[in-house]
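Dear colleague,

Please find the structure below, handed over for your own reading. My notes on what was found in it follow directly after.

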Amino acid sequence: MSINTLEYASVFMEELDSQLVEKSTTGWMEDNAGQVQYNGGAEVKIPKMQMSGLGNYDRDGGFAKGAVTVTYETRELTQDRGRTFQLDAMDVDETNFAATAGNVMREFQNTKVITEIDAYRYSKIAELAEAAGKTKSYAPAVDSIFENLMNDITEVRDTAGECTEIVIAMSAKVAGMLDLAKGGTNVLQSGFFEQGKAEIKVKEIDGCPIIRVPSARFQTKYTFLDGVENADGGFAAAEDAKDINWMILVKNAPVAVSKTDVTRIFDPMTNQNANAWKIDYRKYHDLWIMDNGMDGVLVNINNA
């Protein structure tokens with residue numbers, strides 16, 4: 001393998017990881033993984049901090065002794081996904097490989113990887129919320145959507161605290177109803193939401209940014225295809241999947257991790273299977289809600 005292929009792989013990996021954070025509707029969830037340790041492979045270590053609460057101050061003995069303990073909990077990245085692509089040497093020579101391969105991988109990640117990771121994360125949150133009794137159901141309608149949404153925001157704030165930063169992920173279809181709702185035009189404001197290095201223009205309600213999610217990746221359950229039995233691979237909504245109206249999420253509740261693990265590139269002389277450039281792409285990812293994080297989660301599901 002030539003030195004150029006190693007350089008290409010390094011550049012592609014860095015660019016693809018950055019692209020996913022900035023263009024995924026769930027990219028902001030990776031900001032919560034800042035202290036997660038990842039050393040390659042399918043495991044991460046997530047820090048957990050435990051500390052003593054307040055005690056009485058004694059005028060003779062002084063302060064009650066406290067303790068702070070930091071431990072690391074090992075979690076497995078359960079989603080291990082990948083693909084291999086070949087670019088025929090007659091179509092792509094070494095001088096234009098970088099540009100062509102870069103375009104292929106960017107398009108692949110934009111149209112296939114990002115959509116699947118979003119779908120997995122939202123369905124995982126819905127699954128965890130259902131298990132914790134943190135779901136509600138509602139058939140969205142223009143004349144009642146504003147009241148139902150505000151009730152859900154209030155419910156989360158009542159548990160998590162008034163000053164807690166909240167993010168709303170909402171079906172694009174349902175968001176369209178909110179735009180038309182009575183009172184909606186008076187309370188919806190324009191704002192900006194930081195995700196990775198990107199600043200996204202969004203609408204806000206009561207100070208909460210609304211992230212509009214395409215409905216195809218905003219359902220309660222998906223089947224993730226193996227790419228062998230079903231050659232096209234990718235994902236599809238499960239037969240018993242339900243549409244999600246919105247998720248009210250305390251911003252630091254979901255912890256998402258995704259790693260492009262070893263994007264390998266083989267030039268035509270190294271590739272044993274064909275006279276072609278070969279690109280191997282592998283992605284590990286998963287999402288968790290830690291400890292008391294479910295207090296800051298509420299999922300509203302369409303029951304129409």
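**Surface patch and ring pairs**

The strands β2 (43–51) and β3 (68–76) each supply at least two residues of a nonpolar patch, where strands (E, at least two residues) and helices (H or I, at least four) are DSSP runs numbered from the N terminus. This is a predicted model, in which local features need pLDDT of at least 70 and side-chain atom pairs count only at pLDDT 80 or more, while totals for chains, interfaces and linings use all residues. Residues are numbered from 1 along each chain as its sequence is written, and side-chain values use heavy atoms, with hydrogens and water left out.

The patch lies on the surface and is formed by Met49, Met51, Val68, Val70 and Tyr72. Its largest share, three residues, comes from β3, the strand in which Tyr72 has its place. Tyr72 counts as partly exposed because its relative accessibility is 41% (buried means under 20% relative accessible area, exposed over 50%, partly exposed in between, with a 1.4 Å probe and protein chains only).

The structure also holds nine aromatic pairs. Tyr57 and Phe63 form an edge-to-face pair, because their ring centres are 4.9 Å apart and their planes stand at 70 degrees (rings of Phe, Tyr and Trp, the last by its six-membered ring, pair if their centres lie within 6.5 Å; planes under 30 degrees apart count as stacked, over 60 as edge-to-face and the rest as tilted). Tyr57 is exposed, at 51% relative accessible area, and Phe63 is exposed, at 71%.

Kind regards

Key:
Patches are made of residues with over 30% relative accessible area and no salt bridge: like charges are joined within 9 Å, nonpolar side chains (Val, Leu, Ile, Met, Phe, Trp, Tyr) within 5 Å. Accessible areas come from the Shrake-Rupley method with a 1.4 Å probe; for residues, only the protein chains shown count as cover. A salt bridge is a side-chain nitrogen of Lys or Arg within 4 Å of a carboxyl oxygen of Asp or Glu.
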